[in-house]
Amino acid sequence: MARTGLAGAVRVARWADAALGPGRNGATTDGKATLSDATTQGAAAALGLSSAQVRADWDTARLAGLIEVHGDSARPGWRLRAWDRDDSAVLRGWVALFDAWSLASPEPADQEPAAVAEVVSAMPQILSFLQLSAGPVPVEQLLDLLQQRVIELRTERCEVSYGPGPAGSAAAAKTLGPAPGAAAGDTPLAPLLPLLDWALEALASVGALTYGDGHGTLTPLGSWAVWVKLEQICVAAQSPAGNIEQSAEDMLRGCAQLRPNAARAEYRAWLAARPVGSAVTELLGAARGEDALLRGLAFEALRVVGAPAEPDVHAVVDEPALRPYALLWLAEHDGIDPEDAHEVLTREEATWLWVDTAAAVSDHGETEMLVRHLEAAVQPTVPALLDEVRAVGHPRTVQVLVALAAAHPDPALAKAVRRAAFQVHTGG
């Protein structure tokens with residue numbers, strides 16, 4: 001259903017990618033990947049569509065993340081690149097469109113912006129009611145629920161008067177219709193009806209529901225999307241360690257002592273409470289810090305994010321501190337067994353990762369763990385490891401070697417490690 005509903009948007013996005021992309025002969029006179037009049041006419045002629053349909057599909061593609069607009073230029077979104085091979089990209093694209101339903105259709109011109117905002121804020125409750133009803137719901141019932149929710153919103157802002165004076169109640173009745181429990185016909189429901197019509201028609205335009213014959217019904221796709229939203233709220237409410245409101249760095253520190261399953265539950269709760277784009281940016285920011293433990297945990301959290309993090313992870317492959325982690329993440333994302341993913345690293349990258357992990361163990365673990373970490377080195381002997389560790393240039397090399405020398409029970413090996421640390425420190 002999602003693929004079918006977004007087929008037109010994908011077609012226009014792919015045309016724009018092919019006709020307007022860098023290094024290609026553009027179909028427009030402006031030389032930019034933007035929807036100018038010339039671009040619209042070129043797309044309409046190439047695709048056999050009307051200009052209005054091209055513009056509508058272009059807008060849908062933007063809302064679904066198939067096209068990313070930056071200033072006066074546009075480029076394909078990661079969802080378009082992953083469209084044929086990743087069902088989750090399709091579903092996430094449709095959910096992005098669903099989340100932007102209020103932008104899919106123009107709002108009534110004669111309505112106050114504040115009233116429009118109230119209806120948009122009230123619609124999640126309407127959608128939840130439709131999902132629980134699992135069938136057609138009369139518009140009158142939806143209108144009554146909308147009225148009650150708007151009253152609740154105004155009450156929360158202390159805008160509804162409960163005093164004996166007539167002014168507050170008269171204003172509320174004029175705007176909202178009858179109070180909850182009032183008999184039908186006491187006051188007209190019409191004031192909110194145009195906005196409810198607009199909201200239901202906009203949701204119908206994105207494929208979330210059907211609206212006609214005085215009833216609204218969620219489509220299977222709309223019902224699934226609402227269920228996912230409710231599940232995210234429940235996951236966020238069950239944050240096991242209470243770090244949901246923390247920054248990425250503080251959240252990761254809070255997860256450092258948790259078992260893997262508990263940490264993943266915390267990552268899911270933290271991610272459910274914020275937009276995926278900003279969450280990925282924040283996690284990568286934490287990974288760039290000096291704490292090597294947070295670097296590893298950040299990429300564990302990015303594994304929970306999955307496909308939406310792929311473009312951002314690709315973008316950090318050239319950063320030396322993040323490269324080994326990013327390469328492993330991408331390998332696992334492409335389906336390589338985690339136990340074999342290390343094979344994508346060069347010897348130098350694997351050594352850099354060994355030092356970085358040793359730094360995390362040195363800062364946060366026990367000395368026995370640091371000694372056992374020697375077994376994870378790709379080098380067959382300690383002298384070979386020390387030679388390559390000295391050459392890799394990790395900023396924590398000296399501290400790691402000093403800590404390893406202090407922890408190792410073999411005096412001869414500890415002496416060799418201390419000598420290597422001294423040579424790195426002195427530049428020898």
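Trainee: What should I know before I start?
Mentor: This is a predicted model, where local features need pLDDT of at least 70, side-chain atom pairs count only at pLDDT 80 or more, and totals for chains, interfaces and linings use all residues. Residues are numbered from 1 along each chain as its sequence is written, and side-chain values use heavy atoms, with hydrogens and water left out.

Trainee: What makes something a pocket here?
Mentor: On a 1 Å grid over the protein atoms alone, a pocket is an open set of points with protein on both sides within 12 Å along at least five of seven lines, whereas a cavity is a set where a 1.4 Å probe fits but cannot get out. Volume is the space filled by probe spheres set on the points, which are joined across faces, edges and corners. By that count the largest pocket has about 1,300 Å³.

Trainee: Which residues line the largest pocket closest to its centre?
Mentor: Lining residues have an atom within 4 Å of a point. There are 32 of them, and Arg79, Arg92, Gln232, Val276 and Pro308 are the closest to the centre. Elements giving at least two lining residues include β2 (73-76), α12 (220-237) and α17 (310-315); helices (H or I, at least four residues) and strands (E, at least two) are DSSP runs, numbered from the N terminus.

Trainee: How do you know how the lining of the largest pocket divides?
Mentor: Ala, Val, Leu, Ile, Met, Phe, Trp, Tyr, Cys and Pro count as nonpolar, Asp, Glu, Lys and Arg as charged, and the others, Gly among them, as polar. That gives 16 nonpolar, five polar and 11 charged.

Trainee: And what about the second largest pocket?
Mentor: It holds about 1,100 Å³ of space. Its lining has 40 residues, with Leu293, Gly296, Glu300, Tyr325 and Thr357 closest to the centre. α19 gives the largest share, eight residues.

Trainee: Why are α18 and α19 called roughly perpendicular?
Mentor: Their angle is about 110 degrees, with the axes 9 Å apart. Axes are lines fitted to C-alpha atoms, for helices over the stretch in contact, and angles run from 0 to 180 degrees between N-to-C directions. Under 35 degrees is roughly parallel, over 145 roughly antiparallel, 65 to 115 roughly perpendicular and the rest oblique. So α18 and α19 count as roughly perpendicular.

Trainee: What makes β4 and β5 a pair?
Mentor: Two strands pair if DSSP finds at least two bridges between them. β4 and β5 (residues 215-218) have four bridges and run antiparallel, so they meet that cut-off. Leu209 is partnered with Leu218 of β5, and Thr210 stands opposite Thr217. The open sheet runs in the order β3-β5-β4.
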